[in-house]
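Walk me through how the inside of this protein is put together.

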Amino acid sequence: MGERYSFNPSLHWNPEVEDYFTKAYGAQHFARISTSLARPSSYSCIRVNTLKSTSDNVIVKLLKILRERGQEGDTIHSSNTDSGNFPEAIVESKGSSKRTSLDTESISKCPFPGLDYVIFIKGSGPHAIEYEQEKGKPLKEVIVSRKCAEAVLRGAQVFVPGVLACSAHVEKGDVVSVSVAVEQPDSEGGWGIGMTRGTVLQGSQTDPLYCERSGLYIGQGTTMLSRAGIFRVPRGVAVHMHNRVYELSSFNDLLEGEIFLQNLPSIVAAHALDPQPGERILDMCAAPGGKTTAIAILMKDQGEIIAADRSHNKVLLLNLAGA
């Protein structure tokens with residue numbers, strides 16, 4: 001369906017910044033950096049709660065989960081890697097004409113010294129997706145926020161608050177293509193997405209948002225609510241994604257208390273602090289609690305952490321994280 005129905009975002013740099021980095025890294029290297037920054041992560045990062053489990057035990061449990069998920073047409077291989085005595089799982093999806101290559105996922109411990117309580121789960125992509133549509137009729141579409149799209153490309157579904165716009169006459173059970181709204185410069189010198197929540201997508205080239213979403217399609221899914229329902233209810237899944245341009249497993253609500261999905265830089269920040277049992281530590285930007293709980297685990301749950309955040313609502317999330 002051409003370049004329009006693809007995922008091909010690009011970064012536009014401030015000319016002075018671009019010139020600085022081009023001189024620092026060289027034009028080719030900086031171009032590769034820019035391309036990488038416009039793509040989602042190729043892996044999920046999981047921190048193991050070593051007070052309740054071990055990396056090896058968690059890997060075994062994750063392998064079991066992957067096997068259960070792989071029962072419908074997937075093949076699971078388990079082997080040892082050269083870098084350590086821990087299993088590696090590879091899932092190969094069979095028979096999908098919507099993939100340009102085999103889907104693969106692998107599980108491994110973080111190779112950096114002292115971070116063996118961190119597990120990487122590799123994803124796959126980019127994948128070419130055939131957006132099916134009735135001849136002569138435009139696709140039914142949904143536009144989501146950037147934060148929602150980032151979550152989707154890390155394995156999440158599309159939740160109601162993340163939906164910004166939707167085609168007319170979308171009913172529950174319809175197949176829709178999902179694209180992401182990106183911020184654009186506005187007339188006042190700031191940035192904005194240029195649409196209000198609830199915008200109706202016409203699906204034709206006369207649609208004022210038609211060109212903006214070209215090259216920003218992140219996948220295809222099935223609506224769990226009608227268009228009216230999506231913009232009427234405050235929460236819930238709006239679109240169940242079944243094809244994504246990048247595939248990462250979601251382990252949300254799995255192995256609760258044993259694992260925590262967290263970005264590697266946040267884990268490294270707590271690790272670099274090197275908290276010791278019995279210390280008193282102040283975390284001044286604590287929500288939603290990832291680094292706070294990481295510090296507590298590194299302290300072996302012995303000591304005191306004062307966790308603060310300027311947002312009252314985020315403090316409520318902190319209470320949940322510490323429960």
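Tyr246 is buried, with a relative accessible area of 10% in this predicted model. Where do the partners sit? Phe7 belongs to the segment before helix 1 (15–25), and Tyr246 to the loop between strand 14 and strand 15 (259–261). The pair therefore ties together parts that are 239 residues apart in sequence.

A second pair has another geometry. The ring centres of Trp13 and Phe30 are 5.2 Å apart with planes at 55°, so the pair is tilted. Trp13 lies in the segment before helix 1 and Phe30 in helix 2, so this contact bridges parts 17 residues apart in sequence. Are these residues buried or partly exposed? Phe30 is buried, with a relative accessible area of 5%. Trp13, at 27%, counts as partly exposed. Both residues belong to a cluster that ring pairs also extend to Tyr20, Phe21 and Tyr25. In total, the structure holds 10 aromatic pairs.

Now the nonpolar cores. The largest has 28 residues. Within this core, Val142, Val144, Val158, Val178, Ile218, Ala238 and Val239 touch the most other members. Which elements give two or more residues to this core? They are strand 6 (141–144), helix 4 (146–152), strand 8 (163–167), strand 9 (175–180), strand 13 (217–223) and strand 14 (237–244). Apart from this core lies another, of 14 residues, including Val58, Ile59, Leu66 and Ile107.

Look at Ala238 up close. Leaving out residues up to four places away in sequence, Ala238 touches Val158, Phe159, Val160 and Val163, among others. Its contacts also include Thr222, Thr223, Met224, Leu225 and Ile230.

Helix 4 turns up again at the second largest pocket, where it supplies the largest share of the lining, 3 residues. Helix 2 (27–37) and strand 10 (184–185) each give at least two residues to that lining. How many residues line this pocket? There are 26, and Pro9, Leu11, Ala38, Arg146 and Val182 lie nearest its centre. By class, the lining has 14 nonpolar, 6 polar and 6 charged residues. The space inside the second largest pocket is about 850 Å³.

Definitions and conventions: Residues are numbered from 1 along each chain as its sequence is written. This is a predicted model: local features need pLDDT of at least 70, side-chain atom pairs count only at pLDDT 80 or more; totals for chains, interfaces and linings use all residues. Side-chain values use heavy atoms; hydrogens and water are left out. A nonpolar core is a set of buried Ala, Val, Leu, Ile, Met, Phe, Trp, Tyr and Cys residues joined through side-chain atoms within 4.5 Å. Buried means under 20% relative accessible area, exposed over 50%, partly exposed in between (1.4 Å probe, protein chains only). Helices (H or I, at least four residues) and strands (E, at least two) are DSSP runs, numbered from the N terminus. Contact means heavy atoms within 4.5 Å. On a 1 Å grid over the protein atoms alone, a cavity is a set of points where a 1.4 Å probe fits but cannot get out, and a pocket is an open set with protein on both sides within 12 Å along at least five of seven lines; lining residues have an atom within 4 Å of a point. Grid points are joined across faces, edges and corners, and a volume is the space filled by probe spheres set on the points. Ala, Val, Leu, Ile, Met, Phe, Trp, Tyr, Cys and Pro count as nonpolar, Asp, Glu, Lys and Arg as charged, and the others, Gly among them, as polar. Rings of Phe, Tyr and Trp (its six-membered ring) pair if their centres lie within 6.5 Å; planes under 30 degrees apart count as stacked, over 60 as edge-to-face and the rest as tilted.
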